[in-house]
Amino acid sequence: MEEAAVVFQDTEVVSQVEDVDLDLSNVPEPPVVDVKAGFVRADAPFSPQGPDWIHQRLHLRFKSDIVVPVPPTTAPPPPPPPAPAPAQHEDEGQNPDQGEPTSDPPSSTAVAHAIKDLLLPDVAQILRFQHRTCVYTLFVDHATFRVLRWDRTAVLLTEPVDYLESVAGTRELLEFLYAFARLDDAAQGLDPSATLLDEASCGWRRMDFLARAHPGDTDSYEESCSGHDTHVVETFQHVRESFAQSLVAGWPRYRLMVDGRVFLVCWPINGEDEDPDQNKASNAVFGRGTRGYVALDWEKQTFVFLKDAWRILLDGVEQEGAVLGKLNAAGVAHVPTLVAHEDIPGRYQQALSWQYAPPDMQQRMHRQVHYRIAVEEVCFPLDRFRSGKQLVRLVKDCVKAHEQAYHKGRYFHGDVSDGNLMIYPTTRTRDGKRRVKWKGLLTDWEFACPVTNDRVGLPTHTMGTRIFLSYSRQLSHGRPIYTADELESFILVLLYNALWWIRHSHTPQTARVVKALFEHHPGGEDDGLAGRAKKFGKSRRPEFDGEQVVFLFQDGDDHDSREHPLNKVVSDMLAIIGSRYEVLQWRQATREKEKKGEQLDREQGPTKGVEYLAKISYEHSNVRGLLGAAIKESQWPENDRVELWVDSKVSESVERDREGTLEEGAAGGETADEDIGSVGSADENEDEQGEDQGYLGDTEEGYGGESSSDSIPWRGELKRALENEDETQRVVKRRCA
């Protein structure tokens, strides 16, 4: 493929053509042309290597062989032969193609889709390197051209215009180029709240200086920078290292504005692949376009986490920063600390394409606005945990955050998933020694929904990460969110990470195990409330190919026969999920039979033990208490984590199927003292309680009463049910077998 760059030059070009008689009879067909190019400002650095993705203003693509796949159709059989007619020449009146496969000419829609698919990777590259509100493309196909406008909602394109054979078409092309060249930066699609830094600028040099390794004290380096001394604010090592790794050579650096404050950024920590495939390119162009940065807060000279996204405007959904501000003011623990946020002001900071869509299509399109938020905490992903015990404690911290947000802030999170439970290192001094303790942080409150007076989340949307959504939310789009749905998501996140990273009986088949357990197949045996109850409640352990997946202790001994505490944790949690859906199934069946006037045998309903277990799914404090009790009372191995990149037992397919990059866990640890709850207990200063209504309206009426722990009469019976294997089997398996 030929590549080029086109530059606006302040140069007068004069073309002189003499009258020449040309013989064009033997001129060969023109070669196939595929040229990537772009218009940049005359003062921009020239890139001889090809398209300049950093400075490109107008995307340009020449392509002469657009292929539009059209399925062939078969022409109808010829009609019966007519009556004999006068003799004709043997070639006259014959159609040699009758009955043969033919193809209808491609529709304009098919051509538009083909052009979109062709240009998507180019536009994705521009959006990777630049901060844009939209991108314009000039697409030239043989003698015609089109203009396309891309934003986060859709792409608009003109009808083809013949610029070669038509004087009017040539005029339209020149008028477009002239008009585009006269637009200001914002109208050309550049984000005016993002300024490209020069390598000689103070900001650029300060970023390099602060990226240097620092011993952790107040020592300084000798370097001058206008407006700032050489003092370095102490931070965690992983934060500075993450910032240093973001300063990728050849990558542009930007100054971003958020509510009047300045933040300096370079490479996003969730940066896409250099050559994205078609699906990744589409996701990079359309949608929320979320980027996360370890950014330098210019005012305080500290590192923060900054998220840049095009948030979806939904009724009842507030800005993430507005929610966090309320949670911070209410004293909710284990949530990010807000620094600054805003919907970026400006005419072009909203996706405008939906306005030009047909009315019926507008109903299905999201309205999006450009949004940024900065928070203090720069975290590790949850999969950096170092042991099963630590994983359980981190998840418990996040359950506590959700519980406090529910009671103090009156919010549900709405998107409890693997990527939104994070690890945040903290320090404290004890016995004269400074120690590091990892805590769980529940992040990304973008889809938080307020809790109504009925203590359910408003039915504003069905967003979230699919494999971590509760089954009831997957089953019932648009229904409210309940505590049980959110707690089920926490349990799924715990199980998901345990399967990936804790040694178990099927470790060599981890990818297949995770796929089998977390993929939902509509119409399959796991579909419906009964299927969900059976899947999670029958054996109280995850199953794969008819065998139980058992976590292995093996603390330095491959033949260690001790029971891993995670088995009991997972068993209890799956019993809770399974029992909830068994009760829901029974109540749903009861309603249907009552409507028909049929009598039900109450003896066939859920046992008292199942009722007890189902009730836990509506209780923050009890799920958190079960996790805390497991940490406190159990003997945990110290080296139960499996590092997939060095464990010879794990097939290469596991690493390929694992989402994200596999990185070695960073240094950090946990101290001996733990914030432990017990079954049914609530933390101090958390006396305010509420009551959750059930999913499917009155189908769950009477469940979800989140009252004080002292009023729960079933704590002792629950404990006996969970500890006694015979009772457990009777309680959980009766209706699920």
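Both faces of strand 17 are covered in this predicted model, with Gln-368, His-370, Arg-372 and Ala-374 buried on one side and Val-369, Tyr-371, Ile-373 and Val-375 buried on the other. Here buried denotes a relative accessible area under 20%, exposed one over 50% and partly exposed anything in between, computed with a 1.4 Å probe on protein chains only; helices (H or I, at least four residues) and strands (E, at least two) are DSSP runs numbered from the N terminus. Because eight of the eight residues of strand 17 (residues 368-375) are buried, the strand is largely enclosed by the rest of the structure. Residues are numbered from 1 along each chain as its sequence is written. Local features need pLDDT of at least 70, side-chain atom pairs count only at pLDDT 80 or more, totals for chains, interfaces and linings use all residues, and side-chain values use heavy atoms, with hydrogens and water left out.

Strand 15 (residues 302-312) is joined to strand 17 by eight bridges, and Trp-310 has His-370 as its bridge partner. Strand 16 (residues 338-343) is joined to strand 17 by five bridges; Asp-343 is partnered with Tyr-371, while His-341 stands opposite Ile-373.

Arg-372 of strand 17 also takes part in a polar contact, its side chain lying 2.9 Å from that of Ser-193; such a contact is a pair of N or O atoms within 3.5 Å, of which, within protein, one must be able to donate a hydrogen and the other to accept it, residues adjacent in sequence counting only if both atoms are side-chain atoms. Ser-193 is placed in the loop between helix 2 (167-182) and strand 11 (194-196) and is buried, with a relative accessible area of 10%. Leaving aside neighbours within four places in sequence, Ser-193 is in contact (heavy atoms within 4.5 Å) with Arg-255, Leu-256, Met-257, Ile-344, Gln-349 and Arg-372.

Key:
Two strands pair if DSSP finds at least two bridges between them.
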